[in-house]
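Hi,

Here is the structure I promised to pass on to you. Have a look at it first, and then read on for what turned up in it.

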Amino acid sequence: MEELEQGLLMQPWAWLQLAENSLLAKVFITKQGYALLVSDLQQVWHEQVDTSVVSQRAKELNKRLTAPPAAFLCHLDNLLRPLLKDAAHPSEATFSCDCVADALILRVRSELSGLPFYWNFHCILANPSLVSQHLIRPLMGMSLALQCQVRELATLLHMKDLEIQDYQESGATLIRDRLKTEPFEENSFLEQFMIELKDIPIKTGDPAYWPRTLHAALVSFYHGKLLGLAHSVGILHPQL
């Protein structure tokens with residue numbers, strides 16, 4: 001089962017679009033079993049099973065189908081993998097879920113060898129250690145790294161402003177007025193960023209969404225500074 005645990009840890013989170021709602025999910029499936037994590041951003045559920053559980057559950061849900069556990073696992077992998085890679089991918093299966101007490105049942109309905117195929121993932125609440133390992137630590141690490149990059153970009157923007165000022169004092173002029181930028185004021189920029197961010201629906205399910213978006217905004221701002229600087233000293237062709 002260690003292979004399943006390590007394999008699941010390497011999988012990215014992705015949206016699983018259901019008719020009633022959307023869930024974040026990650027799954028790792030082999031011939032020996034599967035491990036699944038599901039979250040609605042309030043709770044995290046988990047299931048990990050081996051071939052004996054797969055075989056027993058397959059008999060209960062699919063009495064007309066006879067196949068080794070590996071065949072059922074392969075079919076589940078073929079259903080889930082493309083769906084988690086691309087939420088817009090047309091699925092060959094129908095997914096639904098029910099929450100019962102602290103458990104979540106993810107139901108799958110499709111076809112296998114021309115016959116109806118049913119599967120229920122019986123997920124229980126994940127323990128704190130698992131949540132930390134798969135969510136908190138990776139996202140905190142990503143968030144901290146992005147915040148460091150944000151600080152570095154802010155420093156570079158201040159330096160570029162000083163560089164532009166030096167060129168202007170030396171007599172350089174901007175070829176294209178539309179490329180002119182105002183001096184970077186970090187506090188004003190952050191205040192405006194937070195105001196605009198409130199109007200953006202966060203559908204990524206990513207706690208690192210804000211620093212990532214801030215990072216992208218600063219990169220765009222920095223690129224504008226570089227473009228204006230290049231035009232002011234004649235590095236770029238006027239037609240660019």
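Asp77 and Arg81 sit four residues apart in helix α3, so about one helical turn separates them. (Helices are DSSP runs of H or I with at least four residues, strands are runs of E with at least two, and both are numbered from the N terminus.) The side chains of Asp77 and Arg81 meet in a salt bridge, at 2.8 Å from N to O. That term stands for a side-chain nitrogen of Lys or Arg within 4 Å of a carboxyl oxygen of Asp or Glu. Side chains of opposite charge can pair when their charged atoms come close. Asp77 counts as buried at 15% relative accessibility, while Arg81 is partly exposed at 40%. Here buried means under 20% relative accessible area, exposed means over 50%, and partly exposed is in between, with a 1.4 Å probe and protein chains only.

Before you go further, keep in mind that this is a predicted model: local features need pLDDT of at least 70, side-chain atom pairs count only at pLDDT 80 or more, and totals for chains, interfaces and linings use all residues. Residues are numbered from 1 along each chain as its sequence is written, and side-chain values use heavy atoms, with hydrogens and water left out.

Now the other salt bridges. How many does the structure hold? There are four, and one of them joins Arg57 to Glu47, with the closest N and O atoms 2.8 Å apart. Arg57 is in helix α2 and Glu47 in strand β4 (residues 44-50), so this pair ties together parts that are ten residues apart in sequence. Both partners count as buried: Arg57 has 11% relative accessibility, and Glu47 has 5%. Asp98 and Arg107 also pair up through their side chains, at 2.8 Å from N to O. Asp98 is partly exposed at 34%, and Arg107 is partly exposed at 30%.

Leaving aside neighbours within four places in sequence, Asn120 is in contact (heavy atoms within 4.5 Å) with Arg57, Leu61, Ile105, Leu106 and Arg107. Is Asn120 buried or exposed? Asn120 is buried, at 12% relative accessible area.

Ile29 is buried at 11%, and its contacts beyond four places in sequence are Tyr34, Leu73, Leu76, Asp77 and Leu80. Ile29 and Leu73 are 44 residues apart along the chain, yet their C-alpha atoms are separated by 6.8 Å.

Leu73 also has a part in how two helices meet: Thr51, Val54, Ser55 and Ala58 in α2 touch Pro69, Phe72 and Leu73 in α3. The axes of α2 (residues 51-61) and α3 (residues 69-85) come within 9 Å and cross at roughly 85 degrees. (Axes are lines fitted to C-alpha atoms, for helices over the stretch in contact, and angles run from 0 to 180 degrees between N-to-C directions.) The two helices are therefore roughly perpendicular, a label for 65 to 115 degrees; under 35 is roughly parallel, over 145 roughly antiparallel, and the rest oblique.

Finally, the whole chain: six helices and seven strands, running α-β-β-β-β-α-α-β-β-β-α-α-α from the N terminus on. Buried residues make up 37% of its 240 residues.
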